[in-house]
Amino acid sequence: MNKMWAGLTSGETNKLADDFNSSISFDCRMFEQDIKGSMVHAAMLASKGIIEQEDADKIVEGLQGILEDLKSGALAIDENAEDIHMFVEEILTERIGDAGKKLHTARSRNDQVALDLRLYLRDEITGLEDKLKQLMLTVADLAAEHKSTIMPGYTHLQRAQPITFAHQILTYAMMFSRDLSRLEDCKKRMNISPIGSCALAGTTYDTDRYFEAEKLGFDDITLNSIDGVSDRDFCVEFLACASLIMVHLSRFSEEIILWSSWEFKFIELSSDFTTGSSIMPQKKNSDMAELTRGKSGRVFGDLMALLTMLKGLPLAYNKDMQEDKEAVFDAVDTLKMCLDVFTGMVGSMTVIPENMLNAAGRGFINATDLADYLVKKGMPFRDAYKISGKIVNECMSGGYVLETFPMDKYKAHSDLFTEDVYEEINLKTCVEKRKSAGGPSVESVEKQIEYIKTIAEA
C-alpha cells in the first residue's frame, strides 16, 4: 500500500522499519469502531458545509460496504497496511474515488486512534460486565443450595470459626460486585470524545465536535485538544480494574485448588474443567483454576507495561503510545476467557458437605463460642478466653473435642458451666446464632444472596 503520509519525503522506508512500525496486525480488531467513527465524521463535515453532502453520502455508503465485506470475509485485511485507519481509507478511495480523499479533513490519526480505542473499550467493558454478572449469579445460585452447609472458616490457613459454604463463596460475589462498579465508573470516565482534537492543536475548520460526540454516544468532548490525543488514563484505569478482577479470580482459584485436593476434599471439580496426568492415572488436576491463577500475572504485566510506557512521555502524541493497544487487547482477551471458564467451573463443581462438616468438627473452631458462653453468664471476656484455652489444651491431650468434654471436667474449670453448654457449642448453633449483619446465619446469607442477585440482574 502507498504511504498516506508521503509528501515531504517519498514515503519509502526500509522493510524492517515498516514491519516494526506497523500496527495492522493487532489494531485491525478495531475496524468496526474505526468505520463507525469515520461515518459520523463524514456526516459532520457535510453538516458544517466543509465537504459536499454528495461526497459525504458516497463516503458513508462506501464505508458501509467495507464494513459489510470485512464482517463477511469478502474483504481481507492487508497485512502490508500500516494500520487499520490507513487500510480503510485506502480501500475507500479505491472504491469511490476522490471523494474518499476528503474523509480525513479536520482530523488526524492521533485523535482517530484515541476515538477508536475509547469506542472499542466501551464495547468490551459492556461485554465484561455481562460476564461478571453471570459469574455472580452462578455463585449466588450455588450459595442458595448451601446456606446450611457448615465448614470451617480459616485465618492463617488455620481452622478458626464455623461458617457456611454459602457465606464463604459469597465473599467472592461481593468482590465481583465491586469490580462491576469499578468497570462502570471506568466506562463513564472514558465516555468522552477526543475526535476533533486532530494532531494536538485542533483545526481551523469550523467543525462541530459535539455533533460527533452525540452521534457516537459520548457524554461530552475532551476540553483540551492536547489532552484529547495524549490521554491514556482510561486504558490504565481499565487495566487496573482488570487486574483487580484477576486478583479476585486468582484468590478464588487458590481456594478451589485447595478444596479439590485430597487433603481437603470439600469439592470435586467436573471432568469438563479438569485434566489428567500423562503418567499418574489417579490424578484429576484443577488446571483451569491453576491457569486462571497464573494468567493473573499476565494482566498485571499489561498494566505495568502501560504505566511504564506512559510515565516519561512529553506531550502530545508519541509513537510509544502504539504500545497501548496490545496491552489492552491482551487484558480484554485474557479476562473474557477466564470469566467464561471460571463460571463454567464453579457452576459444575460438586460440593461435599460431609467432608466440610467433618473438618469443622476437628479444629476446636467453636472455642470462641465457649468463651462467649461464659461471658454471657457474667465472666469477663479475658478470663473466659483463658479458661477456654485451657479446656482446649486439656481436650487435645485427652482425645476430646469440646462437644464430648465431660461436664465434671467443665465444672473443674468453672461452676458457670451447665448442661446447656453443649447446645451452645454445637456447630449448627454456633453458625445460626451469628445473626449480626453480614454473618453466616441463614437469614444473613439470604440477604446477601438477594443483594448479589439484585445487582447481577440489573
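This is a predicted model: local features need pLDDT of at least 70, side-chain atom pairs count only at pLDDT 80 or more; totals for chains, interfaces and linings use all residues.
User: Is Asp179 buried or exposed?
Analyst: The cut-off that decides this is a relative accessible area under 20% for a buried residue. Arg182, with a relative accessible area of 28%, is partly exposed. Asp179 has a relative accessibility of 1%, so this residue counts as buried.

User: How many residues apart in sequence are the parts that Asp141 and Lys453 tie together?
Analyst: The side chains of Asp141 and Lys453 meet in a salt bridge, with 3.1 Å from N to O. Asp141 belongs to helix α6 and Lys453 to helix α19, so the pair links parts of the chain whose separation in sequence is 312 residues.

User: What is the relative accessible area of Lys453?
Analyst: Its salt-bridge partner is Asp141, which is partly exposed with a relative accessible area of 38%. Lys453 is also described as partly exposed, and its relative accessible area is 26%.

User: Where does Asp420, the salt-bridge partner of Lys377, lie?
Analyst: The closest N and O atoms of Lys377 and Asp420 are 3.7 Å apart. Lys377 lies in the loop between α14 (367-376) and α15 (381-398), and the pair ties together parts that are 43 residues apart in sequence. Lys377 counts as partly exposed at 33% relative accessibility, and Asp420 is partly exposed at 37%. The location of Asp420 is the loop between α16 (407-413) and α17 (421-424).

User: Which residues does Ile256 touch, not counting residues up to four places away in sequence?
Analyst: Ile256 is one of the residues that touch the most other members of the largest nonpolar core, which has 73 residues, and Phe165, Phe238 and Trp259 are also among them. Helices that each supply at least two residues of this core include α7 (165-190), α10 (233-259) and α12 (323-348). Beyond its sequence neighbours, Ile256 touches Ile267, Leu269, Ala289, Phe342, Met345 and Val346.

User: How far apart in space are Ile51 and Thr368, C-alpha to C-alpha?
Analyst: Ile51 lies in the loop between α3 (31-47) and α4 (53-72), and is buried with a relative accessible area of 8%. Leaving aside neighbours within four places in sequence, the contacts of Ile51 include Ala42, Leu45 and Lys102. Thr368 is 317 residues away from Ile51 in sequence, and the C-alpha to C-alpha distance between the two is 78 Å.

User: What accessible area do Leu200, Ile226 and Leu315 have together?
Analyst: Ile226 has its place in helix α9 (residues 225-230), and at 31% relative accessibility this residue counts as partly exposed. Patches are made of residues with over 30% relative accessible area, and Leu200, Ile226 and Leu315 form a nonpolar patch on the surface. Their accessible area together is about 270 Å².

Definitions and conventions: Residues are numbered from 1 along each chain as its sequence is written. Side-chain values use heavy atoms; hydrogens and water are left out. Patches are made of residues with over 30% relative accessible area and no salt bridge: like charges are joined within 9 Å, nonpolar side chains (Val, Leu, Ile, Met, Phe, Trp, Tyr) within 5 Å. Accessible areas come from the Shrake-Rupley method with a 1.4 Å probe; for residues, only the protein chains shown count as cover. A salt bridge is a side-chain nitrogen of Lys or Arg within 4 Å of a carboxyl oxygen of Asp or Glu. Helices (H or I, at least four residues) and strands (E, at least two) are DSSP runs, numbered from the N terminus. Buried means under 20% relative accessible area, exposed over 50%, partly exposed in between (1.4 Å probe, protein chains only). A nonpolar core is a set of buried Ala, Val, Leu, Ile, Met, Phe, Trp, Tyr and Cys residues joined through side-chain atoms within 4.5 Å. Contact means heavy atoms within 4.5 Å.
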